[in-house]
Amino acid sequence: MFKLSTAAVGLLCLADAVSAYVPAARSIEHSTILERADQIDSEYDYIIVGGGTSGLTVADRLTESGKYSVLVLELGHFQNGTSVTTVSGGISAIFDPTLYFLFPSVPQSGLNNRTIGVVGGVMLGGSSGVNGMQVMRGQKEDYDRWGSYFGPNTEWSWDGLLPYFKKAWNFHPPSPQLTRENNIKYDTRYWGNTSNVHASFPSFLWPFIKTQVAAFGDLPGVEYAPDSGSGKPGVIWWPTSSTPSVLRSFARPGHWDGVETRSNYHTLVDQKVLKVLFQGKKATGVLFVPVGSTDLSQSRTVKAKKEIILAAGTIHTPQILQASGVGPKDILEAAGVPVVVDLPGVGSNFQDHPFSVGANFNLSKFDIHPDPTDLQTNQTFIALAEAEFAANRTGPLSVGVTNAGAFLPFPVIAPATFKSIADRYEAQDPAAYLPRGTPPTVIAGYQAQKKGLAKLLRSRGASVYNVIMRGTFTVENVVYLHPLSRGTVHINTTDPYFAQPLVDYRALSNPADLDVLVEFLSFTRKLFLETRLNAYGPFELVPGANVTARADILASLRDNMNPSTFHPIGTSSMLPLELGGVVDQKLLVYGVKGLSVVDASTFPDLIGAYTQQTTYAVAEKVSRIATFRKLNCEC
């Protein structure tokens, strides 16, 4: 069986409490949205498959000059209701079955053969920023590591991406009073102020967050970063993906609404792209059907003069590539798909941020109010919060999930063991814990990653451990930012076009992950038992204070860990071809012409933060690369 997490269900309860008190959906202007597939032109300069975070960002940039025609084909549909346009109510979009996909992974042998719900947004604009999600970027070392895979002088690095981080967001700092009362650290030098995608702070913070933030300072080695965008690890304050008026800010209002209607820009929703069409090695068009159809007689084709850009996400981009004949030869042949190019890296290198990997605590002596539970149980407080929000769009209902958390280096988590754990990991045979039969180039790519990740485990400049502070009596869901295991996403060879792909997280397949996560538990216990939080009566719920033996700790991990925080990456990696790469530094697919990928599947490895902000920055950067501006010899 698979299901959504307990934490997600709790967020649904919060959404129910506030969704009735949000304004009507905003008015919109947009590209020409087509009502029927027979309204499309026969040919466009660019076809973008996927109208989510990266797809709509690139589409906006390509069409703004008026020189190029663009068609966006989106699997989901257009939704402008309050469930997706407001911060507090936005989480309910996750629970509208028309706005997400949900299917089981393959059984996870490392998690007692549990299947995991594979979840992703399916709507125009994508699911990033739901409920005012956290806006943060990874550490400088993360992006410099990406560049190192290509050698010196690469444009993929912290310095190469920083201008696009600034371009991608319009930053609104917290009020002076909120900053002063909570000692919030931020630095506007890391942000821009011209984008239509907004990052804002609420007008209110739960009072106990200040204590939780301060508690980290009671532990040796913990630092406080100057800004969530500074490229440094530590305890940070971050804005949420919302406008100052507390409307959810995501790719649709940022890059589709509010754009003057462009005759060169068409959008067609509720369409499933089955495959890219080729003439020889040149991508020339796509084949698609209406969502829900499994009848090829209902399929249509549309041609691209310059380029087809895949932005279908980490789960479905490799499925489209493989179904098109671009991928590992053995899988394509097993599925009966004609091979266009044998590209072994397609679908490999799958990664996500696991959560529920530390101890979960309740505070039995907690008596600080208001706290988030008051929005569910205290009728007087609910009435006051509703009235303030209705009058001014301020107060507790302006808060998303939270705005503070810790992103900490491994030497801080495990000062006595970090070096030996990193050394053992670096000494591994790179093929030992990858899937049997992994192609040599993919093994070489993991070897290159392993070198960089071992360095990361020894570094005080990169984070591996994350926990957020919500200002209430329960703390759960520690997140593992750099898992060492690698999974796969491959087509179902019995039904490559219409069945969901086979998603295998291969959770805990690398034993080095277990070494790291045992240290996570120890550190989390210290956070509650050896800091000022101890005064609030911490009670360990999972795995339980009596669980101290390594075997019992690992058994609890296998019972409770979820391998996905909905941050999947890596299945179409930007790596050199000899390292199992799928796209080059211009995000062009190896071995073919006129085909590129722009979504998070191109990330070669995970960053020490959540992935939304980096996805925007990559899309902004790619939009400036010559291959998306003019027809050249590489298209």
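Trainee: Is Asp-270 buried, partly exposed or exposed?

Mentor: In this predicted model, local features need pLDDT of at least 70, side-chain atom pairs count only at pLDDT 80 or more, and totals for chains, interfaces and linings use all residues. Residues are numbered from 1 along each chain as its sequence is written, and side-chain values use heavy atoms, with hydrogens and water left out. Buried means under 20% relative accessible area, exposed over 50%, and partly exposed in between (1.4 Å probe, protein chains only). The relative accessibility of Asp-270 is 31%, so Asp-270 counts as partly exposed.

Trainee: Which class does Arg-506 fall into, buried or exposed?

Mentor: Arg-506 has a positive phi of about 50 degrees although it is not a glycine. Most residues other than glycine have a negative phi. With a relative accessible area of 15%, Arg-506 is buried.

Trainee: What omega does the cis peptide bond between Val-542 and Pro-543 have?

Mentor: Most peptide bonds are trans. Helices (H or I, at least four residues) and strands (E, at least two) are DSSP runs, numbered from the N terminus. Pro-543 sits in the loop between strand E22 (538-542) and helix H17 (550-560). For the cis bond joining Val-542 and Pro-543, omega is about 0 degrees.

Trainee: What percentage of contacts between residues at least 6 apart in sequence join residues at least 24 apart?

Mentor: A contact means heavy atoms within 4.5 Å. Among contacts in the chain between residues at least 6 apart in sequence, the share joining residues at least 24 apart is 76%.
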